Amino acid sequence: MYEIRFHGRGGQGGRMAAEALALAAFLEGKYAVSFPFFGAERRGAPVRAFTRIDDKKIRIKTQIYEPDYVVVLDETLIETEDVLEGLKPDGMVIINTQKKPEEVKLSRSVRCATIDATTIALETIGRAITNTAILGAISRATGKIGIDAIEKAIIEKFGARLGKEAGEKNAIAARKAYEKTIVGIAKAGKKFEGKKQWLPTVDELPLGGSIGTLQTEAGLVGIGSFSENKTGGWRVFMPVVDEQRCTGCKICWFYCPEGAIKMVDNKAKINYDYCKGCGICENECPFKAIEMKREVRI
Ligand code: SF4
Ligand code: SF4
């Protein structure tokens, strides 16, 4: 099996490229699957698409984390994210750029193929949509799939959607890219800042009862002023943390609507003065470290 991960932006046709590549493999008698991954963003947001190709049936359904090939439809993406993340040591990156491979700087030195797919697309189909030209580059750079199958897949897939003439023009774009692709080695040395964790720190997001009250001449004010109202009194079920299971992931802390969970020594501690017993923490804990138990009040 070999796996290809496409990096593009919404509207650039990365998903169609991944699907057309799978179709080309199928036309050569192989098994292939492809699927995209994108969030709620609109055009221009980074998106990924994946293609798996094998001689046998493919049963893996996950995203591709350790690809054999990475394809970059939009050169600007290599400035903002490490597209080589997870790429196998002997893998290859194929980039739409006017640069030669040795002029491309990435996080590590790697086999690299470059193609000016944007110019080819503009000259051949009249639009800067590079998803078909890049397929020709994939054929040339990887040697895994024939350009004839690529052309047939493009005519079938894009022709069905855009019309016969447009399908044929896109196939010509792929053939031109196949002929102009340059293969070499990209330079190492580009640094990327680590991605910020999506969970904020305690200091960044103080919630409800997790912060102290503010005493002024007028009395208690601010978010913490409700601390005088011990709202935990209406609880029927209480969350109980199993410290052996608690990994300190802070998911419960983040989701608790009352701010009734503090992290102490990397373990979740419930403040029962304010916990309303809603059970959200039990529901959200990925490690089953919280159990809601009927409360016995004496
Ligand atoms: S979500 Fe579960 S594992 Fe994570 S901190 Fe809370 S109790 Fe611990
Ligand atoms: S039961 Fe609800 S209020 Fe109590 S700690 Fe869990 S999430 Fe917070």
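Predicted model: local features only at pLDDT ≥ 70, side-chain atom pairs only at ≥ 80, totals over all residues.
In what sense do S6 and strand S7 (residues 182-186) pair, and over how many bridges? They pair in the antiparallel sense, over 5 bridges. Residues are numbered from 1 along each chain as its sequence is written, and chains are lettered from A and ligands numbered from 1 in the order in which they are written.

Let's walk through the strands, which, like the helices, are DSSP runs numbered from the N terminus (H or I, at least four residues, for helices; E, at least two, for strands). Two strands count as paired if DSSP finds at least two bridges between them. Start with strand S1 (residues 2-9), which runs parallel to S4 and is joined to it by 4 bridges. Here His-7 has Val-72 in S4 as its bridge partner. Val-72 also has a partner in S5, namely Ile-95, and 4 bridges join S4 to strand S5 (residues 92-96), again in parallel.

S4 (residues 69-72) itself is worth a look: Tyr-69 and Val-71 point one way, Val-70 and Val-72 the other way, and all are buried. Buried means that 20 or more other C-beta atoms, placed from the backbone, lie within 10 Å of the residue's own.

Carry on from Ile-95 and you find it opposite Thr-114 in S6; S5 and S6 pair in the parallel sense over 5 bridges. In strand S6 (residues 110-115), 5 of the 6 residues are buried, so this strand is largely enclosed by the rest of the structure. Arg-111 leads on to S7, where Ile-185 is its bridge partner.

Now for a helix pair. Helix H4 (residues 133-142) and helix H5 (residues 147-162) pack at about 160°, with axes 9 Å apart. Axes are lines fitted to C-alpha atoms over the stretch in contact, and angles run from 0 to 180 degrees between N-to-C directions. H4 and H5 are therefore roughly antiparallel, a label for angles over 145 degrees.

Finally, the ligands. Among the 13 residues around ligand 1, those coming nearest are Cys-246, Cys-249, Cys-252, Ala-268 and Cys-285. Around ligand 2, also with 13 residues, Cys-256, Cys-275, Cys-278, Ile-280 and Cys-281 come nearest. A residue is near if its C-beta atom, placed from the backbone, lies within 6 Å.

Definitions and conventions: Buried ≥ 20, exposed ≤ 12 C-beta atoms within 10 Å, placed from the backbone. Parallel < 35°, antiparallel > 145°, perpendicular 65-115°, else oblique.
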